[in-house]
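User: I have a model open and want to learn how to read its features. Can you take me through them?

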Amino acid sequence: MAKKYRIRLTGEERTGLQDIVVKGKEAAHRRRHAHILLLADESADGKGMKDEDIAAAALVTVRTVERVRKRCVEEGLCAALERREQKNRRKPVLDGEGEARLVAIACSSPPEGHARWTLRLLADKLVELEVVESISRETVSKVLKKMNLSPGRAKSGVFLPERTKNSSAQWRTY
């Protein structure tokens, strides 16, 4: 079957790709894609190898070679070297402003009848203040951990009281 997407590089493009492959200062996926494009080049200076041979030489699958070749033809050389942006990624529940509100609430005094803030209380307070529509305790925990306010932090004052020091004897080395 004839190839649908054929790569024909100019001398300048070829030199740029060779620099990427040889110097080794680029990210691994960029080097790998540049190597694939150099092997797939069907111009006078190129090798014009089959996809199976390119896949074996670049240590990738044939499908990867096909995708890089297609992307180079349709979107250009620069797009073929880069990774695709992920479109199915979920948006974070709390943005920077929401995280700041959570930390401010966690550092404030707890509600009446409670000695300290719990993850459940913090999540309920964020919903009550309409910072978010809904949020899980696990998300609250991750944000607090990121802000070094996780449960058990000695200086956070948010969750646990300070632990008593270890009373066992210290070992001495002579």
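Analyst: We will go from the overall fold to the core, then a pocket and one histidine.

Analyst: This is a predicted model, so local features need pLDDT of at least 70, side-chain atom pairs count only at pLDDT 80 or more, and totals for chains, interfaces and linings use all residues. Residues are numbered from 1 along each chain as its sequence is written, and side-chain values use heavy atoms, with hydrogens and water left out.

User: How many helices and strands are in the protein chain?

Analyst: Helices (H or I, at least four residues) and strands (E, at least two) are DSSP runs, numbered from the N terminus. Here the protein chain has eight helices and zero strands.

User: What share of the residues is buried?

Analyst: Buried means under 20% relative accessible area, exposed over 50%, partly exposed in between (1.4 Å probe, protein chains only). Of the 174 residues in the protein chain, 31% are buried.

User: Which residues touch the most other members of the largest nonpolar core?

Analyst: A nonpolar core is a set of buried Ala, Val, Leu, Ile, Met, Phe, Trp, Tyr and Cys residues joined through side-chain atoms within 4.5 Å. The largest one has 20 residues, and Leu17, Ile36 and Leu37 touch the most other members. Two or more residues come from each of helix H1 (11–23), helix H2 (28–40), helix H3 (51–58), helix H4 (62–75) and helix H5 (77–81). H2 gives the most, with six residues.

User: What does Leu37 touch?

Analyst: Contact means heavy atoms within 4.5 Å. Not counting residues up to four places away in sequence, Leu37 touches Ile7, Leu9, Leu17, Val68, Cys72, Leu77, Ala80 and Leu81. There is also a second, separate core of 16 residues, with Trp117, Leu126, Val132 and Val140 among them.

User: How do I read a pocket, and which residues line the second largest pocket?

Analyst: Rolling a probe the size of a water molecule over the atoms shows where empty space is left. On a 1 Å grid over the protein atoms alone, a pocket is an open set of points where a 1.4 Å probe fits, with protein on both sides within 12 Å along at least five of seven lines; lining residues have an atom within 4 Å of a point. The second largest pocket is lined by His33, Thr64, Arg67, Val68, Arg71, Ala80, Glu82, Arg83 and Arg84. H4 gives the most to this lining, with four residues.

User: Is His29 buried or exposed?

Analyst: His29 counts as buried because its relative accessibility is 13%. His29 lies in helix H2. Its contacts include Glu82 and Arg83.
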